[in-house]
Amino acid sequence: REASKEKAEADKIVLVKAAEANAESKYLSGVGVARQRQAIVGGLRASIVEFAGEIEGTKPKDVMDLLLVTQYFDMLKDVGASNNNTLFIPHAPQSVSELQKSLKSSLMENIK
């Protein structure tokens, strides 16, 4: 009887420790994703400033639009090369414009 209580307590401790380890793993994963996003935004910011400064008459908005469209086409290429899944994306000029607005809005929110 006492051994059964001890075993139950040991099982409980193992479960609690596993849950704590899982929570810590998810937390660290979130920290990693946040740092990755900060690095991406910082790199984009530096690229925009550099590009806009090197090409006369170019505004940061022009560079941002170019980067967003380039990323959009890169994503389409990657999706097309994938054999695993099919993803249907509205593909028309206005869709690209709406995507740009959405991405730009999201990026600007992250910078604030």
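Q: Which residues make the nonpolar surface patch?
A: In this predicted model, F51, I55 and L66 make a nonpolar surface patch of about 250 Å².

Q: Where is I55 found?
A: I55 sits in the loop between α1, residues 2-54, and α2, residues 60-81.

Q: Is I55 exposed or only partly exposed?
A: Partly exposed, because its relative accessibility is 38%. The cut-off for exposed is over 50%, and buried means under 20%, so a value in between counts as partly exposed.

Q: Back up a bit. How many helices and strands are there?
A: The chain has three helices and zero strands. Along the sequence, the pattern reads α-α-α.

Q: What span should α1 have, and what does it have?
A: α1 has 53 residues, which at 1.5 Å a residue should span 78 Å. The C-alpha atoms at its ends are 78 Å apart, so the two values agree.

Q: And how far does α2 reach?
A: α2 has 22 residues and covers 31 Å from its first C-alpha to its last.

Q: OK, the inside now. What percentage of the chain counts as buried?
A: Of the 112 residues, 12% count as buried.

Q: Which ones are buried in α1?
A: In α1 they are V41, L44, I48 and A52.

Q: And in α2?
A: The buried residues of α2 are V63, M64, D65, L68 and Y72.

Q: Which residues make up the largest nonpolar core?
A: Five residues make it up: I48, A52, V63, M64 and L68. Both α1 and α2 supply at least two residues each. The largest share, three residues, comes from α2.

Q: I clicked on P60. Where is it?
A: P60 is in helix α2. It counts as partly exposed, because its relative accessibility is 48%.

Q: What does P60 touch?
A: Leaving out residues up to four places away in sequence, P60 touches I48 and A52.

Q: How far is P60 from E50?
A: Their C-alpha atoms are separated by 9.3 Å, and the two residues are ten apart along the chain.

Q: Switching to charges. How many salt bridges does the structure hold?
A: Two. K7 forms a salt bridge with D11, and the side chains of E20 and K17 meet in a salt bridge.

Q: Why do such side chains pair at all?
A: Side chains of opposite charge can pair when their charged atoms come close.

Q: What is the distance between the closest atoms of K7 and D11?
A: The closest N and O atoms are 3.2 Å apart. The cut-off for a salt bridge is within 4 Å, so this pair qualifies.

Q: Where do K7 and D11 lie?
A: Both are in helix α1, four residues apart, which is about one turn of the helix.

Q: Are they buried or exposed?
A: K7 counts as exposed, because its relative accessibility is 52%. D11 is partly exposed, with a relative accessible area of 37%.

Q: What about E20 and K17, how far apart are they in α1?
A: They are three residues apart in helix α1, so about one helical turn separates them. From N to O, the salt bridge is 3.6 Å.

Q: How accessible are E20 and K17?
A: E20 is partly exposed, with a relative accessible area of 44%. K17 is exposed, with a relative accessible area of 52%.

Conventions. Residues are numbered from 1 along each chain as its sequence is written. This is a predicted model: local features need pLDDT of at least 70, side-chain atom pairs count only at pLDDT 80 or more; totals for chains, interfaces and linings use all residues. Side-chain values use heavy atoms; hydrogens and water are left out. Patches are made of residues with over 30% relative accessible area and no salt bridge: like charges are joined within 9 Å, nonpolar side chains (Val, Leu, Ile, Met, Phe, Trp, Tyr) within 5 Å. Accessible areas come from the Shrake-Rupley method with a 1.4 Å probe; for residues, only the protein chains shown count as cover. Buried means under 20% relative accessible area, exposed over 50%, partly exposed in between (1.4 Å probe, protein chains only). The expected span of a helix is 1.5 Å times one less than its number of residues. A nonpolar core is a set of buried Ala, Val, Leu, Ile, Met, Phe, Trp, Tyr and Cys residues joined through side-chain atoms within 4.5 Å. Contact means heavy atoms within 4.5 Å.
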